[in-house]
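Visitor: I am new to this structure. Could you walk me through how to read it?

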Amino acid sequence: MGQTFRRITPQLVTLALVVLLVTVFFPNFLAVSFDGTRFVGPVVDVLKRSAPVALLGVGMTLVIATRGIDLSVGTVMAISGAVAAWAITSGYGLVGAVGLAIGAGLLAGLWNGCLVAIVGIQPIVATLILMTSGRGIAQLITEGRILTFSDPNLAFAGSGSVLGVPFPTILWIATAVVVALLMRRTALGMLIEATGINRAASALAGVNATVLLIAVYMASGFCASLAGIVATADIRGADANNAGLWLELDAILAVVIGGNSLLGGRFSIAGTMIGALIIQTINTGIMLSGFPSEYNLVIKAVLVLIILVLQSPNLAADWLFLKSMLKARRANVRSETP
Amino acid sequence: MTRMLLAGAALLALSVGASAQTIGFSQIGSESGWRAAETTLTKQQAEERGYTLQFSDAQQRQENQIAAIRSFVAQGVDAILLAPVVATGWDAVLQEAKEAEIPVVLLDRQVDSSDDLYLTAVGSDLVHEGKVAGEWLAKEVGDNKCRVVELQGTTGSSPAIDRAKGFRDGIAGKANIEIVRSQTGDFTRALGKTVMESFLQAEGGGKDICALYAHNDDMAIGAIQAIKEAGLKPGQDIKIVSIDAVPDIFQAMAAGEANATVELTPNMAGPAFDALEKFWKDGTVPPKFIQTESKLYTQADDPQGEYERRKDLGY
């Protein structure tokens, strides 16, 4: 626990700074009230709206730890959302809709995993296939329109709350905790890291890298399907054109801001979750601050650039080097004086 | 090329005597519900008037549209409808149609070519749509103070710019109406809802907002859910006016949750065929731009009936 905390301290400091910055422009940012049934406030919105990116981030962290990448998660969200909306309107009930949607996500993950682990296509290309073609599949399911539904049970996944806390928030935190425990309380996490650092070596050491890779992409598909259900339930409709559009990039960004290396190996799900919160705090902050929308992307880009520059290992090394140089020079000066 | 034109001319000569007109329609694709409805209505209009419609779906590619127009010219159709995917690069192919004496009518989008290369263009005036929405709100609130929030379309797109401008024209001179917050919702339901949530947070939980103006109906539908979840009544506590008139907004109006929408009619073919008929009859040349009506629908205009009429158009 202490180790995890030390690992994500830079991310927590960054999050605190971003929150501070938003509070300067919107003083009531941290105000939370209880309206009788649920908590209300900008922070609650951040916790709720970070659900899709955080969920995608859980799967993406694992995939990136194996030195892969999954560009298809945004599209898988659209497919799962479309399946959920189609199933609920066709009378399959809540369990059927959620089950089929998750099944679609797992199937998409299986497809990606097989392309990467068995066929041996590079992950960025393998998942690009589904990223570009998957929206067509989603549009086929919705017949090209926004497929709306009115089932309150499915809508609960997007806008319901338990004990005043939005359901999407509970879902992403629970998913992150369960996956993190599964990785760290068993050897799974270590096996994934080993595969990411050197697949051949870990295979020689007895790790079944092929099955592990497929499982990791399926986990990513599973997380994407949860995100898709949340997004569809949120607007009570499946929007095949726009659901999860470009969210794969936000998920990768969350992984990177979370301090994980795109070259695979060691990973931290907690770091990615803080990364997702940082991104969503920036998004919500921009909306609350009331700047004209032309500035949205510029502000986001500048903030992300600053965060990544501050996290740069080269910069940190340079800084340590400069510090030691100064110290040495000062020590020299002192020793020469007498 | 010459042979193709000759074949076209020969076919044209043959078809003059025939009563049924053949019309070629080069559609952009089916990227949105609105465009699907435009295709459906064009086919309906052609059928009602007894035309034979040659339909070609370009799947968002200009080269497909150019190929389609060349094939229409070669077939010697009586007129060509073109919904151009981009504004530039049409000079050569429009010149070919002109030389074959086939009138071309542009639907809903414009081209940069010289205007003697086509008969007329049918389209809506985006600024006017915004103005109709603004004027409705100005009339609706009278002299009461009204703080308006605005959900804009995709930043930098012409509908977003023009509908924002038109709305401001519509409420010009009304000091009691003030646009307090504007943010893009990217024309989507999901962002419409997300952005509306932040508007509600920023404006005292929504108590300080009197009306919402959304650049399209989908964003308004998303915002309606956000308003409901915040414990307010959309349509009453916060008045909602948007643009497009898609079927789902009529459902919201029937439920009393939306107040008004301005129609961007998908029936561009109707006015186009009217102009063509006059042109064929006695050579009347229509004006170079035929503006479609931007009709305002409110809760008083039988929203349930409008929903039933529209739901099968392919939106």
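Guide: Gladly. Two residues are in contact if their C-beta atoms, placed from the backbone, lie within 7 Å. Keep in mind that this is a predicted model.

Visitor: How many residues does the contact take from chain A and from chain B?

Guide: Chain A gives 25 residues and chain B gives 25 residues. On the side of chain A that touches chain B, α2 (42-49), α11 and α13 (269-289) each supply at least two residues. That side of chain A divides into 8 nonpolar, 9 polar and 8 charged residues. For the complex, the predictor gives an ipTM of 0.89 and a pTM of 0.88.

Visitor: Let me look at α2 of chain A. Which of its residues are buried?

Guide: They are A:Pro42, A:Val44, A:Asp45, A:Val46, A:Leu47, A:Lys48 and A:Arg49. Because 7 of the 8 residues of α2(A) are buried, this helix is largely enclosed by the rest of the structure.

Visitor: What covers the buried residues of α2(A)?

Guide: The cover includes β2 (39-40), α3 (51-65), β5 (165-166), α8 (167-185) and α13 of chain A, and also α7 (189-202) of chain B.

Visitor: Which residues have the most contacts inside the largest nonpolar core?

Guide: They are A:Leu56, A:Ala82, A:Ala84, A:Ala227, B:Ala220 and B:Ala223, in a core of 156 residues. Helix α11 (residues 209-235) of chain A gives the most to this core, with 18 residues. In chain B, domain 1 (2-123 + 266-284) and domain 2 (126-264 + 299-309) both give residues to the core, so it lies between them. A second, separate core has 38 residues, including B:Phe25, B:Ala58, B:Ile69 and B:Ala272.

Visitor: How far apart do the C-alpha centres of domain 1 and domain 2 of chain B lie?

Guide: These centres lie 35 Å apart.

Visitor: And which residues does B:Ala223 touch?

Guide: Leaving out residues up to four places away in sequence, B:Ala223 touches B:Leu151, B:Gly192, B:Lys193, B:Met196, B:Leu212 and B:Ala214.

Visitor: Where in chain B is confidence lowest, and where is it highest?

Guide: Here is the general idea to start with. Where pLDDT is low, the predicted coordinates should not be read in detail. Chain B averages a pLDDT of 91, and 94% of the residues score at least 70. Confidence in chain B is lowest in helix α1 (residues 2-17), with a mean of 49, and highest in strand β8 (residues 211-214), at 98. Over residues 10-18 of chain B the pLDDT is below 50, and this stretch has 7 contacts in the model beyond near neighbours in sequence.

Terms used: Residues numbered from 1 in each chain as written. Chains lettered and ligands numbered in written order. Predicted model: local features only at pLDDT ≥ 70, side-chain atom pairs only at ≥ 80, totals over all residues. Core = buried A, V, L, I, M, F, W, Y, C linked by C-beta atoms within 7 Å. Buried ≥ 20, exposed ≤ 12 C-beta atoms within 10 Å, placed from the backbone. Helix = DSSP H or I, 4+ residues; strand = E, 2+ residues; numbered from the N terminus. Domains from an automatic or database assignment. Nonpolar A, V, L, I, M, F, W, Y, C, P; charged D, E, K, R; others polar. pLDDT = per-residue confidence, 0-100.
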